[in-house]
Amino acid sequence: MDLRVPMMFLVLLNAALLVAANMLIMINERKREMAILKSVGAKRIDITIMALTEALILAIVGASVGFLIFRIPGALNQMTNHQGFITIVKSVIVDMMQVLAATAAVSLVFGLIPAVKLAGMSVMNVLRSE
């Protein structure tokens, strides 16, 4: 039985939950910063894009490091099985692009709700509570 698809789904679900949790923590830590940005003229879309960009960068860096940690031994194993170097490089690049595309999609989807919540905070409510 091929378990690659269910395992990929579970890994992406785990990554999505981590992105959402990380975004919620970021919201709680940066309420004051976002209130100051809004008070000097930042728009909701600017703050949303900023938060999503941070989530995307963190997710892509994490996925790249994790991919390389687990894919390099696989590539070395392919070399010992006398597969061509070009074939191995092509498969690594294709796999990495798939991982990065899936990671980017998941981080943008699951980071959107916390980012919109962050952008929708009222300046006065944030500054009063501190």
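1. Let me begin with a pair of charged side chains. Arg30 and Glu33 form a salt bridge, with 3.9 Å between N and O. This is a predicted model, and the distance falls inside the 4 Å limit for such a pair. Arg30 is partly exposed, its relative accessibility being 26%, and Glu33 is likewise partly exposed, at 45%.

2. With a relative accessible area of 24%, Glu54 counts as partly exposed.

3. Now to the other end of the story, helices α3 and α4. Which residue forms a salt bridge with Asp95? The partner is Arg71, with 3.2 Å between the closest N and O atoms. Because Asp95 is in helix α4 and Arg71 in helix α3, this pair ties together parts of the chain that lie 24 residues apart in sequence.

4. Are the two side chains of that pair buried or exposed? Asp95 is partly exposed, with 27% relative accessibility, whereas Arg71 is buried, at 14%. The cut-off matters for this reading: buried means under 20%.

5. Taking the charged pairs as a set, the whole structure contains three salt bridges. Shared partners join Arg30, Glu33 and Glu54 into one network.

6. Helix α3 covers residues 44-80 and helix α4 residues 85-119; their axes come within 7 Å and cross at roughly 155°. Angles over 145 degrees count as roughly antiparallel, and α3 and α4 are therefore roughly antiparallel to each other. Their crossing is right-handed.

7. What kinds of residue make up the contact of α3 with α4? There are 24 nonpolar, seven polar and three charged residues in it. When you look at this pair of helices on screen, the salt bridge between Asp95 and Arg71 is a handy place to start, since Asp95 lies in α4 and Arg71 in α3.

Technical notes. Residues are numbered from 1 along each chain as its sequence is written. This is a predicted model: local features need pLDDT of at least 70, side-chain atom pairs count only at pLDDT 80 or more; totals for chains, interfaces and linings use all residues. Side-chain values use heavy atoms; hydrogens and water are left out. Axes are lines fitted to C-alpha atoms, for helices over the stretch in contact, and angles run from 0 to 180 degrees between N-to-C directions. Helices (H or I, at least four residues) and strands (E, at least two) are DSSP runs, numbered from the N terminus. Angles under 35 degrees count as roughly parallel, over 145 as roughly antiparallel, 65 to 115 as roughly perpendicular and the rest as oblique. A crossing is left-handed if the near helix is turned anticlockwise from the far one by less than a right angle, and right-handed if clockwise. Ala, Val, Leu, Ile, Met, Phe, Trp, Tyr, Cys and Pro count as nonpolar, Asp, Glu, Lys and Arg as charged, and the others, Gly among them, as polar. Buried means under 20% relative accessible area, exposed over 50%, partly exposed in between (1.4 Å probe, protein chains only).
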